[in-house]
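Colleague: Can you take me through the charged pairs in this one? Keep it short.

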Amino acid sequence: PGAAFSYGPPTKGFGPAPRSPPPRSRDGPRSRDEAMDLAERRLATARPSQDTLTVIDRFVRDFRLGEEVELGLRLVTGEKVRTMLGAPEVRRRVRDAGAAKVEVLLKEIGRADPEAEAITRVLLYGGNKEKG
């Protein structure tokens, strides 16, 4: 009764062990140059729709957010960013955060897309080392 049940190690024939997902924000861009390169590549392959851009532009204007945060929001896929920015609780948290509103929004971006958060943080605060 006290011993835990175990199926034991997998036997041969079940295929290769599952691969872990690639690291995201921890291994993100290290400089502003790298962050901009990564953002440009992502936007070249997944440009937001005009509807999504309108939602983002209005949110950025309403909350007086900077260009870096706007770019971070553009990096999040359309459906995710529209859901995030349309959620009353997200809008309330950003509004109530005062001077910390950027940090609150960065956490929301990170929940939707950790790489977009990493890019935005480097653009806002700089990286560990510059290219060169």
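Modeller: Start with Arg-64, which counts as exposed at 73% relative accessibility (buried is under 20% relative accessible area, exposed over 50%, partly exposed in between, with a 1.4 Å probe and protein chains only). This is a predicted model, where local features need pLDDT of at least 70, side-chain atom pairs count only at pLDDT 80 or more, and totals for chains, interfaces and linings use all residues. Residues are numbered from 1 along each chain as its sequence is written, and side-chain values use heavy atoms, with hydrogens and water left out.

Colleague: Where does Arg-64 lie?

Modeller: In the loop between α2 and α3. Helices here are DSSP runs of H or I with at least four residues, strands are runs of E with at least two, and both are numbered from the N terminus.

Colleague: What about the phi of Arg-64?

Modeller: Arg-64 has a positive phi of about 55°, and it is not a glycine. Most residues other than glycine have a negative phi.

Colleague: On to the pairs. How many salt bridges?

Modeller: The count is 14 salt bridges, taking a salt bridge as a side-chain nitrogen of Lys or Arg within 4 Å of a carboxyl oxygen of Asp or Glu.

Colleague: Which residue does Asp-113 form a salt bridge with?

Modeller: Arg-42, with the closest N and O atoms 2.4 Å apart. Asp-113 is in the loop between α6 (101-112) and α7 (114-125) and Arg-42 is in helix α1 (residues 32-45), so the pair ties together parts 71 residues apart in sequence.

Colleague: Buried or exposed, Asp-113 and Arg-42?

Modeller: Both Asp-113 and Arg-42 are buried.

Colleague: And what does Arg-82 meet in a salt bridge?

Modeller: The side chain of Asp-51, at 4.0 Å from N to O. Arg-82 belongs to helix α4 (residues 78-86) and Asp-51 to helix α2 (residues 50-63), so this pair ties together parts 31 residues apart in sequence. Arg-82 is partly exposed, with a relative accessible area of 27%; Asp-51 is partly exposed too, at 47%.

Colleague: What about Arg-74 and Asp-57?

Modeller: Their side chains meet in a salt bridge at 3.4 Å, N to O. The pair links distant parts of the chain, with Arg-74 in helix α3 (residues 67-75) and Asp-57 in helix α2, 17 residues apart. Arg-74 counts as partly exposed at 25% relative accessibility, and Asp-57 counts as partly exposed at 29%.

Colleague: Last one: which residues do salt bridges that share partners join into one network?

Modeller: Arg-42, Asp-113 and Glu-115.
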